Every structure is written in structure tokens, then in C-alpha cells.
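Welcome, and please open the model in your viewer. We will go from one selection to the next and look at what is there.

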Amino acid sequence: MALMKDKHGRPVVVVTGMGVVTSLGQGKDENWAKLTAGQSGIHTITRFPIEGLRTTIAGTVDFVPFDNAPDLTTKMAALAGDEAVSEAKIGGEGTFPGPLFLGMPPVELEWPQRQDLARASAKSADITYTDILKGAAAKDFSAMQTRFLFGSVGDALADRFGTKGAPISISTACATGATAIQLAVEAIRRGETEAALVIGADGSANQESLVRFSLLSALSTRNGDPTAAARPFSKDRDGFVMAEGAGALVLESYEHAKARGATILGVVEGCGEMADSFHRTRSSPDGAPIIGCIRNALDDAGVTPADVQYVNAHGTSTPENDKMEYVGLAAVFGDHLAKVAVSSNKSMIGHTLSAAGAIEAVFTLMTIRNGVIPPTINHTEADPAIKMDLVPNVARKASVTRAISNSFGFGGQNVCLVLAAEPV
């Protein structure tokens, strides 16, 4: 069989398995049915006390039992990974023939663990950092220390799936899941591996995270009607909704997939990134990093804006981020933007943070395969400054052969993926 190369002479990278977990449910079938029906998974938080919080809604995954954020991240990643590996029919039980690229949130001690350390200090008031250090040495906290290592999640998943080599765990804000995909694509293109397991997962919706994002005025406070809170690109949008979930993809070189008779679900044609560090949270006002990111992805794929029919937008529902994404798309696509369908999955599942890039890549590939574009729900009042075909409120049947999926994060960390149908 002749080798298939892309337009730059590199191995073509294909997707042969996918899995997903969100607040809509577990698995691709349940998620896709609800997503295309315009159903929201955002709800009032019941998992922890919400008295005194400015935002009391989230897209939490409440059907997975857990002990702490790293534990929930690990369990959701495992569920999505199991689905992807099973669909790909690759390797044997617990023996995946390639490395793991994991996108996940930062890990830090939570309040129960801090309280355990404080109690071990043998003081009941005026506890200082020195006291906590003494408490940490007063008893065996090795289990806590192991669980709250950043690398513990990747190590557990590598053991579960039997991936090869040390797992690569990364955290690049809201671009994390897409960054993990990019790293895997580049490894396959370089010939370092023929297959890779990519997972983006985030289970960090807790009180402290809500407070932090509220202090940034980043969260929606539309608590009275949770399902209508996420309103990407609408004039009355007031912030994003925190959410949890996991997305997983099995990536392979085209030759490797074909040689073992795998079903090809799509192609990762291009990956583009651009980081500007303009501000910790704000986008650069000239849109240059977003524009450059999208252009880099199209150049990497060897295609033009005219070759794209659909954009799975980052679409967080924050006033500034949505505006800057439109500025970027308008600059890159020009007049062709009027012919491109745009929608935001976050209108239904919320912003899954570190998992978003992977989850939305899965949904974008399902859009291409199924010929249905999920809607942007809650779009009742158009923003006159944003002129795009936003597939408002109701899913649309459409032939999509190529799409881009945007992930733009804090600190100017931006990644864009070009995804396409299997080559003829």
C-alpha cells in the first residue's frame, strides 16, 4: 500500500475511536442525541453548599461518584478513554500501542485536605503556614501527597490503558484539550509513534473555583433559569458557565489504521497555535493572536478559509471573548464567513475548561460524520456587532467535509484544529 502523505509530505493523522462524558450524560450516543435536540445539561448545583455564591449553576457531572477533583478527573477520563479505545478496537486488554497525551486542570489541595493538615498542627486558632508544615510532618500524609501530585492522574490512566512510555500531562488553560491533540498529532507526524491516546478531562467545578471566576466577573449569574444561562454570541450574554467532562480520541497514522482494518472517523488535518501573554485573562484587543492561530491551523492543514464549511466556536458566552472570536473569524474568513455555519456546544454543556478542546473535537467530528450541526441554543437576541450564521436554537442538517474547532484560553493560549472527513 502506498504511503499517504499530507500536503506537506507528512503522515496523515486519522481518528479511529472517540469517547465523551459531559453533564448531558455518558457516551457519544447519549450526548449526541441531547446535543442535537438542543438540550442543556446546566443545572443548579446540588453537590455542595451554594449559599452566598454569586453563581449557583454549573454543568457538573453528578452521575460519577468521586472523592476529590483529581479523582473525578481520573474517573471521567477513564470512562471517555474506555469508549474511545473500545471503538478503535486497538491493542489488547490494557495494552495500548502508543503514548498517552493528557490535558487536565492544575491540581491543588482542597479544603478538606487543608483542614486535615491544620488539625494535625495541634492548634485550633491562629494557624500559620509554619504550623501547617509542622502538621504535615506530624503524621503520614503520603496518600494525600500522592493523590494531589499533578502527575498522579496521568500515571493512573497510563496504568489503566497500558500506554507506552511516560504519559504527557499538560495544562494550557482553556486550550488544554486541543493542545493535547496537537502534541499527539506532531508525535505521529515525526514518526515517533503510529498511535496515540489523547484525553482531555476536567473535574474541578468546586466552591473555590466558582469564587475565583466570580471575582473575575467571568461567570453568568443567570441563576434563575440555568438552562438559559449560557448564551454565546447573544447581545444579552453575561458570562460563561463552569462545567465538567472528558473527551478522548484515538489517533493513528493513516497507514497504521488501514493496515489493521480500522474504521476511520475523521482526519486531523491541521493544528495551529499562538500565545501572546497580552494579559492573564483578557484577549489582545487587536485580535492578532486569534487571527494568527486560525491562520496557522489552516496553513498547517494546507487549506484555505474557502475550504471550511463549519466552525465549532470557542463561544464561551463572555462579552469580550465572544467579540474577539468574531473579530478573529471575520479577519480570517472575510466575505466567506457569511457562508460558514458557526455554533457553540458550550451553550448546552457549559465550559468544560481543560477538557473543552477534546470534547469539542469529538463533537466536531461527529458533526462531519452525521451531517448535522448542533445549535447555539438560547440565541434569542442577536448582537448587532456579531454577524455570523450561528445555527440558532435548532440543529441543522448540512454536508460538512471540513471544520475548525477553536480553543482560546487565559494567558493568550490559543489552539485551532482543522478536522475533516476521511480522504477519498
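The tour below starts with a strand and ends with the cysteines.

**Before you select anything.** This is a predicted model, in which local features need pLDDT of at least 70 and side-chain atom pairs count only at pLDDT 80 or more, while totals for chains, interfaces and linings use all residues. Residues are numbered from 1 along each chain as its sequence is written, and side-chain values use heavy atoms, with hydrogens and water left out.

**Stop 1: strand β7.** Select residues 195-202, which form strand β7. Helices (H or I, at least four residues) and strands (E, at least two) are DSSP runs, numbered from the N terminus. Here 8 of the 8 residues are buried, where buried means under 20% relative accessible area, exposed over 50% and partly exposed in between, with a 1.4 Å probe and protein chains only. In a regular strand the side chains alternate between the two faces of the sheet. In β7, one side carries Ala-195, Leu-197, Ile-199 and Ala-201, the other Ala-196, Val-198, Gly-200 and Asp-202, and all of them are buried.

Strand β5 (residues 100-103) runs parallel to β7 and is joined to it by 4 bridges; look for Leu-102 opposite Ile-199. Strand β8 (residues 245-253) runs antiparallel to β7, with 8 bridges, and Glu-252 in β8 is the bridge partner of Ala-195.

**Stop 2: two helices.** Show helix α2 (residues 69-88) and helix α6 (residues 151-161), whose axes come within 10 Å and cross at roughly 30°. Axes are lines fitted to C-alpha atoms, for helices over the stretch in contact, and angles run from 0 to 180 degrees between N-to-C directions. The angle makes α2 roughly parallel to α6, since angles under 35 degrees count as roughly parallel, over 145 as roughly antiparallel, 65 to 115 as roughly perpendicular and the rest as oblique. For the contact (heavy atoms within 4.5 Å), select residues including Thr-73, Ala-77 and Gly-81 of α2 and Val-153, Ala-156 and Phe-161 of α6.

**Stop 3: Phe-233.** Center on Phe-233, in the loop between α8 (207-215) and β8. Is Phe-233 buried or exposed? Phe-233 is buried, at 1% relative accessibility. Beyond its neighbours within four places in sequence, its contacts include Ala-313, Asp-322, His-379 and Leu-390. Lys-387 is 154 residues away in sequence, yet the C-alpha to C-alpha distance from Phe-233 is 9.4 Å.

**Stop 4: around helix α11.** Go to Asn-321 in helix α11 (residues 319-333). Asn-321 is buried at 16% relative accessibility and, leaving aside neighbours within four places in sequence, touches Ser-283, His-314, Thr-316 and Phe-408.

Then pick Ser-317, in the loop between β10 (310-312) and α11. Most residues other than glycine have a negative phi. Ser-317 has a positive phi of about 90° and is buried at 0% relative accessibility. Leu-353, in the loop between α12 (346-349) and α13 (356-370), also has a positive phi, of about 55°, and is buried at 8%.

**Stop 5: the cysteines.** How many disulfides are there? The count is 0, a disulfide being a pair of cysteine sulfur atoms within 2.5 Å. For Cys-174, the nearest cysteine sulfur is that of Cys-293, 13 Å away. Cys-174 is buried at 11% relative accessibility, and Cys-416 is buried at 0%.

Note on methods. Pairing = 2+ DSSP bridges.
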